[in-house]
Amino acid sequence: MSDLSASVGSAPAGRTRLLVTRPLEDAEPLVRRLTALGYACAVEPMLDMVWLDGPEPDLTGVQALLFTSANGVRGYVRRTQRRDRPVYAVGDATARAALKAGFTQVESASGDVQALAELARARCRPDQGDLLHVAGSRVAGDLAGLLGEAGFTLRRAVLYDAVPAAALSAPTAAFLRTSAIDIVLFFSPRTARSFVKLLGEAGLIDQCRTVDAFCLSPAVAEAARAYGDQGGTPWRSVRVAPRPDQDALLGLLPPMDGAAG
């Protein structure tokens, strides 16, 4: 667990205590934002990013780049200095990462893989070249199928691997045992499944009865609820963002009166 976790254990009475399950690269700016809003935060990354070595992505015949996560952007900029293709990003956070990386033609689908496919179909033509999906070794959704139906050829450049956590950290286990966590934030089905699996292995499933699961999408919520054949994960509640983006998810959080700044 990151040092960012300290605020949960020492949170003043009345502060909402959040557990962030994103990889560290994504968790750190999110925790800074949440802390400024007055929340107490801990970080328990469910995935560790492993950047894969290799040559520059081949952009021959490629009309645009598709990014389904900020990690795809990070993997791309580790391999190449080229920023000469339009970028279509699945969501606003991914689009911001692309702009920060130096891309100048960036548009966000502000949604999920389906929304990204619709954006690409609206902005590109099959006869203008291939689309390059910069991604990890595992992907969610059928972007190739959605675009293939419209006549596009989608290439996939695998630039990183997301390795699941092997166990819950001791601080997080202690927080759960003592009901020191109010809300767990989930941003992907894979992280939600991993967290629930590790809860079961640690014998902490029943601790979910005092915790709310806040989920980016219905698919994430489904993964958070699933636990073997024992009737599902007994969360106190499961809430789903009205749109699959970070701002919409954070909009579900209870307001805090003592925000910093």
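**A walk through the predicted model, beginning at helix α3**

Ser69 caps the N-terminal end of α3, where one of its side-chain oxygens lies 3.3 Å from the backbone nitrogen of Asn71. Helices (DSSP runs of H or I, at least four residues) and strands (runs of E, at least two) are numbered from the N terminus. This is a predicted model, in which local features need pLDDT of at least 70 and side-chain atom pairs count only at pLDDT 80 or more, while totals for chains, interfaces and linings use all residues. Residues are numbered from 1 along each chain as its sequence is written, and side-chain values use heavy atoms, with hydrogens and water left out.

Helix α3 is largely enclosed by the rest of the structure, because 7 of its 10 residues are buried; here buried means under 20% relative accessible area, exposed means over 50%, and partly exposed lies in between (1.4 Å probe, protein chains only). The buried residues of α3 are Ala70, Asn71, Gly72, Val73, Gly75, Tyr76 and Arg79. They pack against α2 (24–36), β3, β4 (62–67), α4 (92–100), β7 (130–136) and β8, where contact means heavy atoms within 4.5 Å.

The side chain of Arg85 reaches the backbone oxygen of Leu59 at 3.1 Å, and a polar contact of 3.2 Å joins the side chains of Arg85 and Asp84. A polar contact is a pair of N or O atoms within 3.5 Å; within protein, one must be able to donate a hydrogen and the other to accept it, and residues adjacent in sequence count only if both atoms are side-chain atoms. Leaving aside neighbours within four places in sequence, Arg85 is in contact with Leu59, Val62, Gln63, Ala64, Leu65, Phe103 and Gln105.

Strand β5 (residues 87–89) includes Ala89, which counts as buried at 0% relative accessibility. Ala89 and Glu107 are 18 residues apart in sequence, yet their C-alpha atoms are 6.2 Å apart in space. Not counting residues up to four places away in sequence, Ala89 touches Phe67, Thr94, Ala95, Glu107, Ser108, Ala109 and Leu116.

Ser110, in the loop between β6 (106–108) and α5 (113–123), has a positive phi of about 50° although it is not a glycine, and it is partly exposed, with a relative accessible area of 35%. Ser179, in the loop between α7 (170–177) and β9 (183–186), has a phi near 55°, again a positive value in a residue other than glycine, and its relative accessible area of 36% makes it partly exposed.

Where does Glu44 lie? Glu44 is found in the loop between β2 (40–43) and β3 (47–51). Glu44 is buried yet has no salt bridge, the nearest side chain of opposite charge, Arg177, being 11 Å away. A salt bridge is a side-chain nitrogen of Lys or Arg within 4 Å of a carboxyl oxygen of Asp or Glu; in assigning charge, Lys and Arg count as positive and Asp and Glu as negative, while His and the chain ends are not counted. The side chain of Glu44 does join that of Ser169 in a polar contact of 2.7 Å.

Strand β8 (residues 154–164) contains Pro164, which is partly exposed at a relative accessible area of 42%. Beyond four places in sequence, Pro164 touches Met46, Leu47, Arg190 and Ser194.

The nonpolar interior comes next, a nonpolar core being a set of buried Ala, Val, Leu, Ile, Met, Phe, Trp, Tyr and Cys residues joined through side-chain atoms within 4.5 Å. Of the 49 residues in the largest nonpolar core, Leu34, Leu185, Phe186, Phe195, Leu199, Trp235 and Leu253 touch the most other members. Helix α8 (residues 189–201) gives the most to this core, with 5 residues. Apart from it lies another core, of 17 residues, including Ala64, Ala109, Ala117 and Phe152.

The count of disulfides, each a pair of cysteine sulfur atoms within 2.5 Å, comes to 0. The sulfur of Cys41 is too far for a bond, because the closest cysteine sulfur, in Cys215, is 17 Å away.
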